[in-house]
Amino acid sequence: MPLAMAKPGEENKIKGIGEKKKTRRFLESLGFVPGGEVTIISKISGNVIVNVKESRVAISREMANKILV
């Protein structure tokens, strides 16, 4: 399921990152790597604030749909 569909406060494990190589590299630089843990903090106007690798990161709903958990 895409990360955008996960519930806030629920801890999820990243299973994969879809899309193009450039997008995958960008998300991996933010800490979104397969096998990593990610928790949604909140969803605001379609954007998602997540906790990944002990950091809070804001990503768009479009990017969150590319991260499979």
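In strand β5, V52 has S55 as its bridge partner.

First, the ground rules. This is a predicted model, where local features need pLDDT of at least 70, side-chain atom pairs count only at pLDDT 80 or more, and totals for chains, interfaces and linings use all residues. Residues are numbered from 1 along each chain as its sequence is written, and side-chain values use heavy atoms, with hydrogens and water left out.

Now the overall layout. The protein chain has two helices and six strands. Helices (H or I, at least four residues) and strands (E, at least two) are DSSP runs, numbered from the N terminus. The order along the sequence is β-β-α-β-β-β-α-β.

Next, dimensions. The C-alpha trace spans about 30 × 20 × 20 Å along its principal axes.

On to burial. Of the 69 residues, 38% count as buried. Buried means under 20% relative accessible area, exposed means over 50%, and partly exposed is in between (1.4 Å probe, protein chains only). The chain exposes about 4400 Å², and carbon and sulfur atoms supply 51% of that. Those areas come from the Shrake-Rupley method with a 1.4 Å probe; for residues, only the protein chains shown count as cover.

Contacts, then. Contact means heavy atoms within 4.5 Å. Take the contacts with a separation of 6 or more: residues 24 or more positions apart account for 52% of them.

Back to the strands. β3 and β4 pair in the antiparallel sense over six bridges. Two strands pair if DSSP finds at least two bridges between them. K43 has V48 in β4 as its bridge partner. The β3 and β4 hairpin has two residues between the strands, and S45 takes a positive phi near 50° there.

On the next pair, β4 and β5 (residues 55-59) run antiparallel, joined by five bridges. This hairpin also has two residues between its strands, and K53 in the turn has a positive phi of about 50°.

Which residues of β4 are on the covered face? They are V48, V50 and V52, while N47, I49 and N51 make up the uncovered face of this strand, residues 47-52. In a regular strand the side chains alternate between the two faces of the sheet.

T39 lies in β3, residues 37-44. Is T39 buried or exposed? T39 counts as buried because its relative accessible area is 17%. Not counting residues up to four places away in sequence, T39 touches G9, E10, E11, I49, V50 and N51.

T23 sits in helix α1, residues 21-29. With a relative accessible area of 15%, T23 is buried. Leaving aside neighbours within four places in sequence, T23 contacts M63 and K66.

K21 is in helix α1 too. K21 counts as exposed, at 58% relative accessibility. K21 and I67 are 46 residues apart in sequence and 13 Å apart in space, C-alpha to C-alpha.

Last, charge. There are 13 positive and 7 negative side chains, and the centres of the two sets lie 6 Å apart. Lys and Arg count as positive, Asp and Glu as negative; His and the chain ends are not counted. The place of a charge is NZ of Lys, CZ of Arg, CG of Asp or CD of Glu.
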